[in-house]
Amino acid sequence: MSGPPDSHTVIGGPREPQPRGAKVRPGWPIDQSEAADRFIAAPRHLQNHDTRLWTLRQNRDRIAHGIEEWEELRELASQIKEHTLAHLDHYLEMFEANAKANGIHVHWAADAAEHNRIVHQILDEHGARSLIKSKSMLTEECAMRPYLEGFGIEVIETDLGERIQQLDDEDPSHVVVPAVHKLRADVAEVFSKTIGTDPNNDDVHYLAEQQRETTRPLILQADAGMTGCNFAIAETGTFVVCTNEGNADLSANVPPLHIASIGIEKLIPRIEHLGVFVRLLSRSALGTPITQYTSHFRAPREGGEMHVVLVDNGRSERLGMDEFWTSLKCIRCGACMNTCPVYRRSGGLSYGATYSGPIGIILDPTFNRTKYSALPFSSSLNGSCSNVCPVKINIHEQIFAWRRVMAETHEIPLMKQAMMKAAGELLSSPALYRAAVSGADAALRTLPKFIVYNRLNTWTRAREMPKAPDHTFHDWWKANREKTEVQP
Amino acid sequence: MRVGLFVPCYIDAFEPEVGISTLELLERFGCEVDYPFDQTCCGQPMTNTGCHAEAAATEALFVKNFAPYDYIVAPSGSCVHQVREHLTAVDQTEEVRAVRARTFELTEFLHDVLKVDAFPWAEFPHKVGIHYNCNSLRGIGLAQASEPNKPFYSKPLELLKKVRGIEFVQPSRWDECCGFGGTFCVFEPGVSAKMGYDKVSDHAKAGADYIVSADSSCLMHQKGCAERIGLPLRFIHIARILNGARQ
Ligand code: SF4
């Protein structure tokens with residue numbers, strides 16, 4: 001789904017350059033913390049980002065708490081998804097058969113490369129040189145745009161936020177509001193450089209209108225259209241796309257050729273299940289009862305063609321992972337990002353991945369374990385994400401589990417593991433522990449030092465050290481209670 | 001009722017008063033309290049970092065120390081959460097499972113097990129904002145977090161309401177994480193500190209003199225943050241208020 005077009009908050013004053021995302025160094029893990037520090041160092045961006053997303057979270061609370069059966073809906077949605085995933089082969093075949101019966105061409109892609117090849121081939125067969133598309137995290141995941149552009153095919157994003165990101169040559173930072181990390185001034189700058197708007201005019205309506213003006217002819221002339229999919233219904237062979245700008249309908253209906261990229265986890269068994277998810281989706285994402293458009297695609301229109309590409313790209317492997325398979329329940333509402341205190345203060349691009357925030361942390365390592373090995377540590381494990389998730393994914397428990405997997409497969413830095421080994425030895429020996437805590441000189445007793453054994457500097461960089469009292473509880477007990485101690 | 005008192009490492013080293021208050025409070029309600037002398041830690045620093053194997057010996061020591069008691073009580077929800085939910089690096093023998101099930105956080109022990117209805121000695125004439133450690137809140141249910149559509153309750157608040165003279169203030173993001181997060185605060189220091197600054201500023205804006213919590217770890221982090229940005233807030237563990245501390 002996509003967010004409202006005019007959700008840019010006003011923060012005036014002199015220009016603050018937009019902090020960019022994580023640095024990618026081949027072979028090295030993404031350092032989310034480093035990128036987050038740069039985001040925090042840009043106070044306007046930080047405040048804008050935190051405020052906008054926290055507002056979405058509050059809107060979500062208000063509307064969700066107005067629905068008496070909210071928690072039951074979440075449970076139901078979770079069960080429907082778990083059932084579907086447990087019988088995914090069955091429902092995929094059902095979907096394929098019914099879609100074909102509706103006159104839809106169905107393709108299967110094992111991975112991103114195959115998806116891109118298939119899309120290119122369909123376009124090629126129709127002599128299509130331009131493609132308009134609505135937002136799709138799956139095509140981001142497949143890096144489809146640069147692939148097609150390599151063949152000289154022009155790709156035009158029609159979702160406003162996604163278009164901003166395309167023109168800025170930057171990934172979306174959020175699954176619902178892709179440019180939420182940008183200030184209006186950033187957008188004005190991007191548009192002035194790319195579509196020739198007045199660089200000093202950052203009025204949202206002006207910017208949105210200019211963008212529409214320049215994109216409209218491209219839309220009208222496009223040879224092919226592409227959408228993603230929010231829900232694919234097995235019993236009917238139809239699929240549903242939810243947007244707030246109606247741009248999926250443009251992409252699907254203006255050109256004669258419609259291609260939809262669908263991750264295999266998007267299946268739900270029956271049309272009657274759709275209502276459960278539609279009630280949850282926009283309420284969780286933006287705090288609105290429903291997206292402006294909930295478009296059902298059933299069959300190609302007269303004289304047109306409709307293609308569906310069902311994409312695996314690691315999903316069936318994920319389905320086989322005991323601790324992580326339920327991450328496939330995700331309906332990409334973004335609620336876990338909106339609520340995440342770390343995400344709100346670091347920006348989606350700091351994760352250096354297609355998926356960011358809490359859901360990103362648990363999905364990304366399935367794509368590249370080494371590259372995303374540090375992400376599970378970019379969380380305070382506070383659990384708010386799991387509580388807002390409309391399909392009840394135990395997100396923070398999966399983040400916790402990923403830490404263990406990273407340690408077991410030696411994907412965490414040797415220094416960190418060595419520290420923990422030392423801490424483990426210290427804390428399992430009463431004598432060593434006592435020596436560390438009750439050192440004769442109280443000034444030497446420093447909290448992070450004995451909890452994590454090292455890294456004293458990172459504590460004091462941003463906080464004052466606690467002052468150690470002149471005795472420990474242990475000393476006190478010894479002095480005051482030991483004689484009367486009751487032996488167990 | 002024989003209670004084994006678990007004093008987490010940072011309370012032992014930095015807030016012995018919290019340990020003493022917990023002990024005295026339990027004794028006031030007739031518990032026979034013992035402090036197993038060889039105790040160290042619950043293993044959280046290691047498991048929190050993914051290093052479960054490295055936590056096994058510490059977990060085994062915890063179980064050995066606390067197996068003899070009817071209840072194990074700690075003035076720290078975060079450590080109790082670790083014991084209940086994540087003490088899994090050792091074999092799950094009957095003894096281990098029993099220790100895990102019998103471990104309580106102080107306020108839930110007072111509220112659910114002892115069902116305390118008065119603290120006649122307690123008086124705290126100040127404005128306080130309550131801080132909930134996230135493991136205490138969403139992990140062991142000390143209170144109802146704001147996200148689910150479920151009726152609010154708070155065990156610490158219920159207990160504090162019985163204290164004379166106390167006044168409560170409500171920060172706007174009352175259950176947002178303060179950024180301590182165990183080893184998170186040293187591995188992601190920038191975001192952690194920013195979360196801490198925001199948390200203490202929110203309480204200050206609401207008019208709090210004190211931030212009170214059932215977890216010293218968060219308080220220690222917040223205190224460091226408040227001092228760094230120059231906010232005149234004070235911090236106190238709930239055990240001290242319930243045991244009669246006036247400031
Ligand atoms: S994990 Fe849950 S909350 Fe996060 S985007 Fe997916 S469905 Fe929404």
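## The A–B interface

Buried area is the accessible area (1.4 Å probe) that two parts lose on being put together, summed over both. For chain A and chain B that comes to about 6800 Å², and carbon and sulfur atoms give 63% of the area. This is a predicted model, so local features need pLDDT of at least 70 and side-chain atom pairs count only at pLDDT 80 or more, while totals for chains, interfaces and linings use all residues. Residues are numbered from 1 along each chain as its sequence is written, chains are lettered from A in the order in which they are written, and side-chain values use heavy atoms, with hydrogens and water left out.

Counting contacts (heavy atoms within 4.5 Å), 83 residues of chain A meet 72 residues of chain B.

## Polar pairs and salt bridges

Between the two chains, 24 residue pairs are in polar contact, both residues at pLDDT 80 or more. Here a polar contact is a pair of N or O atoms within 3.5 Å, where within protein one must be able to donate a hydrogen and the other to accept it, and residues adjacent in sequence count only if both atoms are side-chain atoms. Helix H19 (residues 414–427) of chain A brings 8 residues, the largest share of the side of chain A that touches chain B. By class, that side has 37 nonpolar, 22 polar and 24 charged residues. Ala, Val, Leu, Ile, Met, Phe, Trp, Tyr, Cys and Pro count as nonpolar, Asp, Glu, Lys and Arg as charged, and the others, Gly among them, as polar.

The structure holds 48 salt bridges over all chains, and the rule finds 6 across the interface of chain A and chain B. The rule asks for a side-chain nitrogen of Lys or Arg within 4 Å of a carboxyl oxygen of Asp or Glu. Glu27(B) and Arg481(A) make one, at 2.7 Å from N to O.

## Where two helices cross

H1 (residues 32–40) of chain A packs against H11 (residues 189–206) of chain B at an angle of about 40°, with axes 8 Å apart. Ser33(A), Ala36(A), Asp37(A) and Ile40(A) touch Pro189(B), Gly190(B), Val191(B) and Lys194(B) there.

Note on methods: Axes are lines fitted to C-alpha atoms, for helices over the stretch in contact, and angles run from 0 to 180 degrees between N-to-C directions. Helices (H or I, at least four residues) and strands (E, at least two) are DSSP runs, numbered from the N terminus.
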